[in-house]
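Please read the following notes alongside the model.

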Amino acid sequence: MMSNLIKKIGGGLALAMYSMLAQAEYAINFPKPVTVIAGQIYDLHMITMWIIVGIAVVVYGAMFYSILKHRKSVGHKAANFHHNTMIEIVWTTIPLLILIGMAYPATKSVLAMRDSSNPDMTVKITGYQWKWEYDYQQEGFKFMSVLSTPRDQFELKGTAAKNENYLLEVDNPMVVPVGKKVRILLTANDVIHAWWVPTFGIKQDAIPGFIKDSWFKADKAGTYRGQCAELCGKDHGYMPIVVEVKEQADYDKWVAEQKSKSAAATQDTNKVYELAELKSIGEKVYATNCAGCHQAKGEGMAPVFPALDGSKMVKGPKQAQIDIVMNGKAGTAMSAFGKQLSDTDVAAVITYTRNAWGNHTGEAIQPSEIKASRK
Amino acid sequence: MEAVHDHGHEHHPSGIMRWVTTTNHKDIGTLYLFFSLIMFFFAGSLAMGIRAELFQPGLQFMQPNTFNQLTTMHGLIMVFGAIMPAFVGFANWQVPLMIGAPDMALPRLNNWSFWLLPMAAILLVGSFFVPGGAAAGGWTMYPPLFIQGGLSGDMTIFAVHILGISSILGSINIITTIMNMRAPGMTYMKMPLFVWTWFITAFLLVAVMPVLAGAVTMLLTDRHFDTHFFNAAGGGDPVMFQHIFWFFGHPEVYIMILPAFGIVSSIIPTFARKPLFGYASMVYATASIAILSFIVWAHHMYSVGMPTAAQLYFMYATMLIAVPTGVKVFNWIATMWEGSMTFETPMLFAIAFVALFTIGGFTGIVLAVVPVDIQLQDTYYVVAHFHYVLVSGSLFAIFAGAYYWLPKWTGHMYNETLGKWHFWLSMIGFNILFFPQHFLGLAGMPRRIPDYALQFADFNMISSIGGFMFGATQLLFVIVVIKCVRGGTKATAQVWEGADTLEWTIPSPAPYHTFATPPVIK
Amino acid sequence: MSGNKDSYYLPTPSHWPIVGSLALLTMASGVIMMVNKISMGGVTLLAGVAILLFMMYGWFGEVVRESESGKYNKQVDKSFRLGMSWFIFSEVAFFAAFFGALFYARVLSVPWLGSGDTMAQLWPQFVASWPTSSPGVEQVSGPGSMAKFTPMGAWGIPAINTLLLLTSGATVTWAHWGLIKNNRSQLVIGLFMTIALAIAFIVLQAYEYHHAYTELGLTLGAGIYGATFFMLTGFHGFHVMLGTTMLAVILVRSMKGHFKPDAHFGFEGVAWYWHFVDVVWLGLFVFVYWL
Ligand code: HEA
Ligand code: HEA
Ligand code: CUA
Ligand SMILES: [Cu+2]
């Protein structure tokens, strides 16, 4: 029975090894650095690791030699010594010296990586459950960045074929120019997140209520991916980061596009929409912002996330719902979407929830009402 | 012998009430050990759930929130329900035997320390069944995430309080026993190293468990009583919790390793048939590790954005710990050196401990280097690091100790063949389980995620296979223990040829009352 | 069980510990139910407290009986002393967590909130000072909306309370001298005065809380100042009440004629605890009220 089990496990293991070799690329070390700091980290890790391997060879060498030679079964008689001050001093001092040797380059890179002075540009990044907001304060626009892998690829027992960048793709990536020192100001809106892009050698916690800063200077244009690296609730694993590093000209073009987009968004606050129009905008807003908790069909996840389908509040007077969507509810995961979404989007998503699934209030909430509630 | 005789007249409850009301250190030690075994299986089953979900990318078995519950409860229960109680169980059995005391100094309190544990377990395990499910914010309970949770959050907080009371009372008892109950002639520097390590561990516990209690109390008031300790909007700071937690948490990890050092330091000389090398320096090294453990906590928080000077300080202090720990490793090897070794199961586990704990210690040093940790913090590299020190460290030492002393406790030899199978399968399964996780971490897989990008698929599959293998192997251990309790070759008093501490001078199984008249140590 | 003074006293099996464990589980369940607004929470909590009191009465009663019938030898006495000392040490560590929070907030996090990018981006109106109104004070809704408060001054009730506690430390020592000289009336009067001072302290503290809540706007919700203020003084006050109860117990025992000039650990344990409460208060007075 035992041996059967071992065969099975062994077989599985062999299979796994085989599939590993079969795949062209598999990583067993840090990804290739694209910033100076990431390069330093890479080297520092290699130095540390080889020192450790060296010590391990000595330690294990002595240990296994002793295990092989000083065993009763080969007739070795036990000696009786039990201390030796000289050797004890030696093996206290040598590790100390090795450690000092390791600490020296480490200190230099810490000082380098923490020096965020004289940046070429600054972006404020805010973590939300479970998306990132990039605020280009100097340029005057901001946007949300959410996972773009289709739900049917990762929902429970989903069978859809997975994209190449499964779970590491977003709708609106952060864009920065190549070769520029970008300083980031990090904070969070609800819980702690961490902004991590391995190839940049940057990981910084985003602490609600505090600004922590960090910086990077990407040497090569390209698309770089990372993930939220601090447990932040149920969709912590679905909170990727994508940074596109572009040539300066392409970057400038991108900035201009973003500016005109955000101008358009502010203008139509005064427009009066049809119900159907609001519903269709709202459906999209709902899918990216609300479905994570209240679920695609508004059924919620009892008891933590209430159902919106058939909810008393959603079917009742609109003011209460506007209030909770705009301001959130303290102490729960329901955050203040007034800070995250435009007036039009809030109006649309509220309209949508009040007219989707089993809810048929027939009411259309206009952006102007939302704007008025912002006072 | 008078005290023993007296007990004969007393009314002793039998059946279950014997165990509920017992004040005997051996009974209580047994209770601790069984409790810990049950909790180990429970928390291990949760780990099997984790590994099953991570076998492939995509969600196979559970929703992300359920996954976070498994991770959180696996961590909490392994630490507080399995590893710590197991070591207290060893202390209860062995400390009085090794110092020649008739019992623990405060036997009734001893009973209370144990019987608080099941109450905490009821709260923790029960929290899976309340609306919203168990706590899902990680065993570290960081706010504000932890504050968002439901009913189970409060159950976890109170479970931690009760566990804390249990540990504090238990440690006070151990300290008192060691300071006040040593047999005549048993000076501090003659105590077996296991007693020393527990002595120092108990100090750590008394100093840091109350701090944890304070931290979770603040969580509770932030949740329900409108305080703002961890909320910037009220002038507090979420990071403050992390400082307080890790002020407890880092000494806590040494609480889980120092008694293991003690067990291994008892076993290696026995099977090398040679006295422990550098006894005095072992004692000083243990004390140094304990003292250093109070001043390194923020190495868990390099990425929160501390001032640079603080980062550097914590890096240097953390790296220093390698020195006394190295002294221990070298002393163990020097003990084996020129010995006459045999390789019964306890020795095998002890050697595996030295080899694999050292790997875990090395990766600890890698993590201590700030820039490298910036890349590795909250990745599977950390998971690999701490399972090397906790599973092949603490847990393997527990297995080693169990095999070593089972004959003394039960009066029977365990089945050596099964023991060896248990060892080798554990050893292989363990390394398949956790070694690839180093690569996952380096390649960029965050921890605490239920689903991952495709490039992490292969190593996760290997790791899961190792996990099932390691998990299934643990059933063997249960079989060995049950068989050994029920029968087997009769054990002699000395059991192991090279054993020479006090517990080997009394018959096997150890009589219910021992050392009523203290032995005299020359 | 004989009163054999040569061998260490080993108690017989006892059911008090499990009663104590059940009491704590019941109490914890009660509080959990209360804070989550599940009905019967309060009743459950009270039931738990009742079981705990029952346990303490029974357990301590047994210990007192054993002690009075002379079953404990010098070594047992030393175990009790060591046990009590380390228990007090653990209490010190508990308070250290809250003092740590206070220092962290005062020295680090509040200044951070009121300077640099954190202030510029997130809390533009916040002025870092201690005692602090909170950065969120201007907000109208959401977490962090809290009213202005007046911090508690040091030189009113807190100063009087300091005097009361210091005096009570003296009276309990005086009672101890009485016990050692076998002057029973000095013992009883000393203890009586200590308890009176302790009760005066508690009453004044209660008045101070009332004043804080009704007139100063200083509540648990009053930002980090209110939180640390009430946590530290509250847990201290709770310890004073425990200490007072313990003092009352030894007063009753003294009146019954318990304790001997050369063996009175029960008395000393309580006295140590009382001094510990005293010292913590001095820390509070300096760091919470005064500086
Ligand atoms: C038994 C438990 C245990 C032990 C003993 C250790 C031991 C050590 N740990 Fe570990 N650690 C944990 C349990 C433990 N740890 C846990 C549970 C976590 C994660 C918690 C969480 O986030 O959930 C963690 C996380 C953790 C981190 C944070 C990682 C992160 O989250 O980013 C760091 C960083 O510095 C660290 C460092 C160390 C160091 C330097 C040691 C040292 O004590 C190791 C010393 C030993 C040796 C170095 C080997 C022997 C020495 C020699 C042979 C001498 C020569 C050697 C040299 C000169 C290098 N640990
Ligand atoms: C203290 C000791 C300890 C021990 C002994 C273990 C043991 C194991 N742990 Fe660990 N673990 C932690 C402490 C410990 N762990 C901590 C503190 C965390 C961090 C939590 C957090 O992030 O908050 C963690 C996190 C953690 C993770 C990361 C989860 C995540 O980040 O999401 C993983 C993933 O593989 C894991 C796996 C395992 C496995 C497979 C074992 C195995 O060794 C378990 C083996 C035991 C059994 C399996 C039980 C016995 C056997 C049976 C029940 C029979 C049935 C068996 C089969 C069905 C095969 N653990
Ligand atoms: Cu955001 Cu994890
Ligand atoms: Cu640590």
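1. His385(B) lies in helix α16 of chain B, which spans residues 380-410; helices here are DSSP runs of H or I with at least four residues, strands are runs of E with at least two, and both are numbered from the N terminus. The copper ion (ligand 4) is 4.5 Å from the iron atom of ligand 1.

2. On conventions, this is a predicted model in which local features need pLDDT of at least 70 and side-chain atom pairs count only at pLDDT 80 or more, while totals for chains, interfaces and linings use all residues. Residues are numbered from 1 along each chain as its sequence is written, chains are lettered from A and ligands numbered from 1 in the order in which they are written, and side-chain values use heavy atoms, with hydrogens and water left out.

3. Of the 32 residues around ligand 1, those that come nearest are Trp139(B), Tyr254(B), Asp373(B), His385(B) and Arg447(B), a residue being near if one of its heavy atoms lies within 4 Å. The site is shared between chains, because residues from chains A and B surround ligand 1. The shell divides into 20 nonpolar, 10 polar and 2 charged residues, with Ala, Val, Leu, Ile, Met, Phe, Trp, Tyr, Cys and Pro counted as nonpolar, Asp, Glu, Lys and Arg as charged, and the others, Gly among them, as polar.

4. Helices α9 (238-255), α13 (322-336), α14 (345-368) and α16 of chain B each give two or more residues to the shell around ligand 1, and α14(B) provides the largest share, 8 residues.

5. Between chains A and B, 101 residues of chain A are in contact with 106 residues of chain B, contact meaning heavy atoms within 4.5 Å. The two chains bury about 8700 Å² between them, 70% of it on carbon and sulfur atoms; buried area is the accessible area (1.4 Å probe) lost when two parts are put together, summed over both. The count is 1 salt bridge, defined as a side-chain nitrogen of Lys or Arg within 4 Å of a carboxyl oxygen of Asp or Glu, and Lys72(A) forms a salt bridge with Glu497(B) at a closest N to O distance of 2.8 Å.

6. Chain C meets chain B through 65 residues of chain C and 67 residues of chain B, burying about 5600 Å², of which carbon and sulfur atoms give 74%. Leu10(C), Pro13(C) and Trp86(C) supply 11% of the area that chain C buries against chain B, more than any other three residues. There are 2 salt bridges between these chains, including that of Glu66(C) with Arg108(B), whose closest N and O atoms are 2.9 Å apart. Helix α3(C) gives the most to the side of chain C that touches chain B, with 20 residues, and by class that side has 42 nonpolar, 20 polar and 3 charged residues.

Technical notes:
Donors = N, O, S within 2.8 Å, 3.2 Å for Na, K, Ca; no water.
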